[in-house]
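Please look over the sequence and the three-dimensional structure shown here, and keep both in view while you read. The paragraphs that follow lead you through some of the details.

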Amino acid sequence: MLETKTAQFTFVKQGIYYFSRRVPRDLSHHYNANRTMYSLRTRSKVIATSRAQRAAQTLDEHWYHLRIRDVDLPGKHLLRTQAHSLSGLPVVPDGAAEGSLKLSEAAGIYLRLKGQGRPITFHRAAERSCGYLMDVCGDKDITAYTKADANAFRDGLIKRGLAGSSIPRIFGTVRTVVNFSASEIGLDISNPFTRVYYDRNAGVEGREPLPLDAIRNIQSECRTVDDDLRWLVALVSDTGMRLAEAAGLLKEDLNLDGPIPHVVIQEHPWRRLKTAGSSRTVPL
């Protein structure tokens with residue numbers, strides 16, 4: 001049967017365009033076939049090319065997240081995020097006391113219930129933070145951790161070279177995982193990861209703002225060539241918005257006809273905002 005190659009990632013079969021792309025070798029263990037292929041449901045080359053490009057971009061994004069999840073994490077071998085019974089409670093290992101819950105199981109409960117619809121960074125933060133603790137103190141029952149373990153955890157993070165601004169975030173994640181999972185199964189515990197002292201300024205370097213002359217020079221260089229990258233740099237330099245915020249804008253987000261020209265920064269399906277407070281209007 002004749003199959004004609006056309007635009008990238010497409011071929012024609014009986015007049016219908018199909019999408020076809022080989023699965024990367026390093027991700028082959030996620031698939032049952034070495035190629036993803038399906039009908040684009042069109043006979044138009046223009047439409048097929050557009051749909052194929054969008055499909056390829058979606059796959060690139062998906063493969064990026066798969067690669068992130070495959071990266072080794074501290075303590076990752078100890079995490080059992082899928083070890084849950086049908087009732088939603090963790091499976092208690094043989095010989096374990098009733099009501100016991102290991103940290104790896106607590107992380108699984110937390111991510112299963114709180115991680116729905118959350119970005120990959122949310123999952124990675126919980127897995128990484130709990131992994132750090134398991135590397136230092138082991139995968140214990142959450143009621144077995146002591147203040148000495150919490151202090152050893154802090155010292156272990158310092159030895160890793162983590163800055164004082166990062167340690168509170170990691171401790172906060174571990175505290176939340178322990179409190180949430182204990183509440184879910186009805187455990188009344190005293191969380192040892194509260195009120196642990198650490199120097200929040202250790203390893204933190206002050207950031208000096210860019211001199212105004214440097215900003216003016218950058219903006220001047222952006223006018224030398226009329227292209228999208230320089231538009232982006234100029235917009236960031238003039239508004240102070242985050243790079244991802246600027247890159248994810250629509251034309252409709254720019255209001256140049258009002259009394260005060262401004263940019264509306266809001267969440268889009270292709271770009272989340274860092275925090276709820278990041279949704280705002282920036283004057284131009």
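**A guided walk through the model**

R41 is found in the loop between β4 (35-39) and α1, where helices (H or I, at least four residues) and strands (E, at least two) are DSSP runs numbered from the N terminus. This is a predicted model, in which local features need pLDDT of at least 70 and side-chain atom pairs count only at pLDDT 80 or more, while totals for chains, interfaces and linings use all residues. Residues are numbered from 1 along each chain as its sequence is written, and side-chain values use heavy atoms, with hydrogens and water left out.

The phi angle of R41 is near 55°, which is a positive value in a residue other than glycine. R41 is also exposed, with a relative accessible area of 73%; here buried means under 20% relative accessible area, exposed means over 50%, and partly exposed lies in between (1.4 Å probe, protein chains only). Q14, in the loop between β2 (10-13) and β3, likewise has a positive phi near 55° without being a glycine, and Q14 counts as exposed at 62% relative accessibility.

We can now turn to the charged side chains. A salt bridge is a side-chain nitrogen of Lys or Arg within 4 Å of a carboxyl oxygen of Asp or Glu, and by this rule the count comes to 7 salt bridges. One of them joins D60 and R21, with the closest N and O atoms 2.9 Å apart. Because D60 lies in helix α1 and R21 in strand β3 (residues 16-22), this pair ties together parts that are 39 residues apart in sequence. D60 counts as partly exposed at 39% relative accessibility, whereas R21, at 15%, counts as buried.

Another salt bridge is formed by D149 with K140, and here the closest N and O atoms are 2.9 Å apart. D149 is buried, with a relative accessible area of 11%, while K140 counts as partly exposed at 27% relative accessibility.

Which residues are linked with E245 in a network of salt bridges? They are R242 and R280, which together with E245 make up that network. Within this group, the side chains of E245 and R242 meet at 2.8 Å, N to O. E245 is buried, with a relative accessible area of 3%, but R242 counts as partly exposed at 36% relative accessibility. Although R271 is 26 residues from E245 along the chain, the C-alpha atoms of the two are separated by 7.7 Å. R271 has its place in the loop between β6 and β7 (280-283), and R271 counts as buried at 7% relative accessibility. In strand β6 itself (residues 262-265) lies H262, whose side chain reaches the backbone oxygen of I260 at 2.9 Å.

On a 1 Å grid over the protein atoms alone, a pocket is an open set of points with protein on both sides within 12 Å along at least five of seven lines, and its lining residues have an atom within 4 Å of a point. Grid points are joined across faces, edges and corners, and a volume is the space filled by probe spheres set on the points. The largest pocket has a volume of about 590 Å³. Of the 16 residues that line this pocket, the closest to its centre are H65, P119, W270, R271 and R272. The elements that give two or more residues to this lining are α1 (45-70) and α3 (120-137), and the largest share, 4 residues, comes from α1.

The second largest pocket holds about 230 Å³ of space. The residues that line this second pocket include T121, R124, Y132, L162 and T173. Which element gives the most to the lining of the second largest pocket? That element is α3, with 6 residues.

Helix α3 has 18 residues and reaches 26 Å from its first C-alpha to its last, close to the 26 Å expected at 1.5 Å a residue, where the expected span is 1.5 Å times one less than the number of residues. Since 13 of the 18 residues of α3 are buried, this helix is largely enclosed by the rest of the structure. After α3 comes G138, whose phi is positive, near 90°.

Notes. 1 Å grid on protein atoms, 1.4 Å probe; cavity = no way out; pocket = protein on both sides within 12 Å on 5 of 7 lines; lining within 4 Å. Polar contact = N/O pair within 3.5 Å; in protein donor to acceptor, adjacent residues only side chain to side chain.
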